[in-house]
Amino acid sequence: VPIHVHGSGTTNPSKFFWQIMETIQARAKADVRLTYRAVGSSTGQKEFSQVSDGVFTSSLSDFGSGDIPMSQSLYSSITGTGREMVHVPFCLGAIGVFHSVPASAIGGAGLKLSPCVLAKIFDGTITTWDDADIKADNPGMQVPTGQRIKVGHRTLGSSSTGGISGYMEAKCPGSWGRGSGASISWPTTSDFMAVQGSDGMKDLIVGTPYAIGYLDAGHGHGRNLQEVMLQNEADTWLTSLMALSAVDGNGNNGVAAAGAAAVASGAIPANPRADWSNVNLYMKAGTNTWPIVLVSYMYLNEDMSSVDGEKVGLIKAFLDMVTGTEGQDLLASYSFNKLPAAMNSWSSTWNTYITKPATWTSYSLLTATDAWTGMGPDIITVKRTSYSLWKLGELDLAMTSLTAKVAALESSLDDYGIVPLHGSGTTNPKNWFAKAMKLMESRSRVPLHLTYRAVGSSTGQEEFVGNAGSSFMSYNHFGAGDLPMTASRFSALQALSPPQTMVHLPFALGAIGIFHSIPSSAMGGADLKMDACLLAKIFSGAITTWDHADVLAQNSGLSVPAGTKIHVGHRTLGSSSTGGLSGYLTAACSGDWTLGSSSTISWPVTEQFHALQGSPGMQAFINDNAYAIGYLDAGHGHDFGFAEVALTNAAGKSRTSLESIALGGVAAAGTQAVQNGVFPEDSAADWSAVNLYNMAGDTTWPIVLVSYIYAKRDQTASNPKSAAALKAFIDVILNDRDGLCAEFGFTLPSDSVKTKSLAAAASITYPPGMVSFTFETDTDNYEGMAASVISGKRFSYDDYERSVLKDDIATLRSAPRPVAAPVIQHESEPKSPVPLVLSLVALLLSCVAGGLGCMAVRAAKGGGDARGLQGSVIGSPGGGAGYGNAELQEAARTTCCGGRARTHSTPSGTLAACVSGRSTKARQASKAHVCTRATLPP
């Protein structure tokens, strides 16, 4: 029959108990079973003091355990029945106070809370983190005004509740009137949250911003929770982790020192049978002594004379191991403290106070080989174990080795660590930012991790400002947008306590273009022209057809079927391009545009208005729908070869954005803005009214957006390494290192705008002691190998490979390619290769003989899609039967267009056409490849 021992009580040492029990079971020759229920000190006391509710004549458990002594009331109930019990101390532990206030809001000094301030918080008297009493000890703390404190407290009775309440009652009774004990009547407001067990408290603090709670220090350290600094009796501010690391002249750390001081002062009763309910280790003397120390006890019945002798022997063996050298040394791995020798009284208690049965089994704990004796039935020997314990030991060794390797890996990173930098915002410069970040990562000696989420200017602003969920702390290190920060969001930053100051850093100018898909055959050889008021009427829904008199008045050569509907594409979810278009229409024709100026507009809800998400959505809409119109970042529209509206600028000149860019019309808008005082002198002021719409100048494009980086001016509380990465990234973008601005279709700001931007960047205050990154462009012996150097002499293979592939693609695009004619074959016909060969021969002859004829068609049409562009026409014109538009598009797509093709009806036949830009610079110079195919004869 197995020998059973069962206990219950405090959760804190439960894992320690379980390991001891598993070890005894594995080492014993006898069939033994030991279990422990981790239910909390209060429940452990109940189950030891009573066999059932209110019945104190015997125990339900063989032993109980708690991090507080038996309460006075339960002790009296036990002794009132004639029973006696003993307290057996076995370890010491610290109760720490942990929180989730963002580290950036506290600063490097750590969060300090005096005993009375702590009492007021847990009593519900202090309810916000910006309370004057909190700020008195934390002058550098920066939290949102009125930020509520979320207080976590244990339920169902807990020794840690007894510890924190006992400490507050002893130190500041004037501010703490709720008494002390394992169970407290807590405030019932929404800011107070009851949790069950240590795990519940850990989860609350981890998952709730601006929370505070109390916890066994080992559990808190295990989750890397931020800890509050408390003030001990020597007026030393310290955390429990700091106390555990400090050692006094007697070899005691700050927790063990509390136990030694308690013994020296007579605070520990000499008689283990006495009432220990008033014993505590709060506020003991010592420079580095932790002020809230708990003693963990085992509760035993003094009289075991009627208990089975084998069970009594197993109980003794368990306590022998717990209080002996092996058990005490094991405590540190569970973040507990071994007892000072003066408190370890188990041997005396067993010999002097415990009444044993007449016959009991004395188990021996052997630590070395002992022939014959070691095989005895009452021997618990280290030479006997279980596979489970052996495997766990192997896993522990493997984990120790892995931990060492991770530490070595961290050390190999030049003790610098991975440096994160994250941003979000406008989609327009996403590729520019991505390449700049990739180059920085490749060129840095230290590991940089830089990311950018392209989510739109409006979302970027929202994430930069933050919300209640982030306690109005930025979600990223920086934001970006093609609009200045809105007045409401700027005001939200200013309303924080203390106010959050941001700077606008202009880094590029970009044009918003209006693009359409009217067939070129209907255009009469001219651009589609519109002034601001005509555009306003179309985008407000006042003009709904392309043959409207106002449209024809400005485009006399336009010829479209009567009543052809205009299909209008517009962005959704907030967009800087929407802000640019609506801002321009408000500025240039407010009489016809009444929908306001914003990144989000309440558009007409009709079948002719189409809501689209992102630039890709707008591109697809214009590409796939005839007679559509929409607005796009000009570079995106040029990439797709879309037909563009020529807008009338403030000087009365009508041009497309492509023509204006080539004439410097976008940069000119920035220069005009500086000259006219459009940009505020203070980069940290409210810039919400800044816009570059309809600026003066003969070549100026009327819808110009400024792209900004948003950054907090005060970076002193930021991680110094991330702050250094932010400073370097700003430098890369503002100074256009590697010429990426033009590569991705943007226009550099004029010198006057750049000067303002660099001055704003220079006003940012970085953390003290931050080591800034520098840039190596020319070889700098020795210095170029420094950890903080981003070197142009470092490369990554994937960057090299991409450049090779890019050059190869450019070469293939420029090389002459044979043109394959589409082959029409009925399913019933045999799929012989002969017709295909004959078709190819016929095609080559057609190309030679018909080339001049096709060019004549182009000349007669004024160029069609090829107007003003360099290109060639392949095939011969003709009417009547021929290949359908689908076949023509496919032929153009496969032979010359890289996937983008259109068909246009002309008097001479149907044309399939495609425009494919060679590069951004080529686009800006109005140069492109054009490939057209005329209808082939049947």
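Analyst: Lys653 forms a salt bridge with Asp698, and their closest N and O atoms are 4.0 Å apart. A salt bridge here is a side-chain nitrogen of Lys or Arg within 4 Å of a carboxyl oxygen of Asp or Glu. Lys653 lies in the loop between strand 23 (643-648) and strand 24 (654-655), and Asp698 lies in the loop between strand 25 (692-693) and strand 26 (703-712), so the pair ties together parts that are 45 residues apart in sequence. Helices (H or I, at least four residues) and strands (E, at least two) are DSSP runs, numbered from the N terminus. Lys653 is partly exposed, with a relative accessible area of 38%, and Asp698 is partly exposed with a relative accessible area of 38%. In these terms, buried means under 20% relative accessible area, exposed means over 50%, and partly exposed lies in between (1.4 Å probe, protein chains only).

The model is predicted: local features need pLDDT of at least 70, side-chain atom pairs count only at pLDDT 80 or more, and totals for chains, interfaces and linings use all residues. Residues are numbered from 1 along each chain as its sequence is written, and side-chain values use heavy atoms, with hydrogens and water left out.

The structure holds 25 salt bridges. One of them joins the side chains of Glu326 and Arg27, at 2.9 Å from N to O. This pair links distant parts of the chain, with Glu326 in helix 13 (residues 325-330) and Arg27 in helix 1 (residues 14-27), 299 residues apart. Glu326 is partly exposed, at a relative accessible area of 39%, whereas Arg27 is buried, at 14%.

Another salt bridge brings together the side chains of Arg37 and Glu47, at 2.6 Å from N to O. Arg37 belongs to strand 2 (residues 32-38) and Glu47 to helix 2 (residues 41-49), so this contact ties together parts that are 10 residues apart in sequence. Arg37 counts as partly exposed, at 43% relative accessibility, while Glu47 counts as buried, at 16%.

The Arg37 and Glu47 pair connects strand 2 with helix 2, and the Lys653 and Asp698 pair connects two loops.
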